[in-house]
Amino acid sequence: MSPKILNVALAMGPGVAPRIFSARSLESLNAGLRLLSPEPMEEFTSSRSLGLLAETDILITGWNCPTVDAAVLDTAPRLRHILHAGGTVKHHVDDACWTRGLQVSTAADANAIPVAEYALAMILLANKRVLQIARTLHTEKSPIEPDELFPDMGNYGKRVGIIGASKIGRHIIRLLKPFELDVVVADPYLSPEDAAALGVQLVGLAELVESSDIVSLHAPSLPSTLNLIHAGLIARLRTGSTFINTARGELVDQDALLARLERHELFAVLDVTTPWVLPANSGFYTNPNVLLTPHLAGSLGTELERLAATAVAEAHRVSRGEPLRFPVQVEDLAFTA
């Protein structure tokens, strides 16, 4: 059966499309589909947008897409699929989309890959004490014996605790498989059977922070997860362990974390903080036990094209009458970002 030629339109915020959609992505989209315009809609009210919406079968969205609500759907009688070239769809897919039976897809899995790669790199570097030893070498400018500074350095046999069996968490578990590490997971939604299938041990959150050499946070930011890593849990982190946060700053009691860092009891790798940019006098900037990065773990640079490729591939599945590979179910929104 030949694929049906469907009309595709783009909708996202100003400047987003050039970052995500390369000429190659647009060419791929036009192979078997009809891209109504390479210029995305940034709003849904102009005469141009209304004309596009009237002909759109598939809407590919990106960051800062305007909300697709009942009024927009009334102007888009052919629209059946919203395919998001990004992570969460909560900010632009209105309840009306679900009640009217639209199918929604997201590139959250694609966006999870570079975050997991970042976390993997930091886990291996942290266990090897690379960052601390490099800082000592830069300071001392003389011969040093690494394992005299850190007799516990190395990855062999170390315990890595993953908080959250999210898309990112599961990618990290997959990436950690070649290494001789003891990987444990804490997640209230993960069953022991699912943990066994992933090849990890399911433990409670308190046990994880007390027993792990590395604690890597990958829970979603939800009302129920705010301050998830509270002062009590931070107090239970093993002395000498490393805490990695690529999730969200509001999940962590940063004051309690900084207090332990200032006592030189812990190490931390923080790609996210609250606020996003810390004040200039924050102790996280100057603490030698902290590596700060500016929210770079997620898709950036060449990795952005993977988001477009995911949405384009979903559009071709739709045209072939195949099910979406990365569907979003409305019931999942309560416990995902």
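Me: A salt bridge is a side-chain nitrogen of Lys or Arg within 4 Å of a carboxyl oxygen of Asp or Glu. In this predicted model, which residue forms a salt bridge with Arg78?

Reply: The structure holds 12 salt bridges. In one of them the closest N and O atoms are 3.0 Å apart, and the partner of Arg78 is Asp57.

Me: Where in the chain are Arg78 and Asp57, and how many residues apart?

Reply: Arg78 is in the loop between α4 (70–74) and β4, while Asp57 is in the loop between α3 (47–55) and β3. The pair links distant parts of the chain, and the separation is 21 residues.

Me: Are α6 and α9 parallel or oblique to each other?

Reply: The axes of helix α6 (residues 108–127) and helix α9 (residues 167–176) come within 8 Å and cross at roughly 50°. Angles under 35 degrees count as roughly parallel, and 65 to 115 as roughly perpendicular. The two helices, α6 and α9, are therefore oblique.

Me: How many nonpolar residues has the contact of α6 with α9?

Reply: The contact includes Ile113 and Leu120 of α6, and Ile172 and Leu175 of α9. By class, one residue is polar, three are charged, and the nonpolar ones number 12.

Technical notes
Residues numbered from 1 in each chain as written. Predicted model: local features only at pLDDT ≥ 70, side-chain atom pairs only at ≥ 80, totals over all residues. Heavy atoms only, no water. Axes fitted to C-alpha atoms, helices over the stretch in contact; angles between N-to-C directions. Helix = DSSP H or I, 4+ residues; strand = E, 2+ residues; numbered from the N terminus. Parallel < 35°, antiparallel > 145°, perpendicular 65-115°, else oblique. Contact = heavy atoms within 4.5 Å. Nonpolar A, V, L, I, M, F, W, Y, C, P; charged D, E, K, R; others polar.
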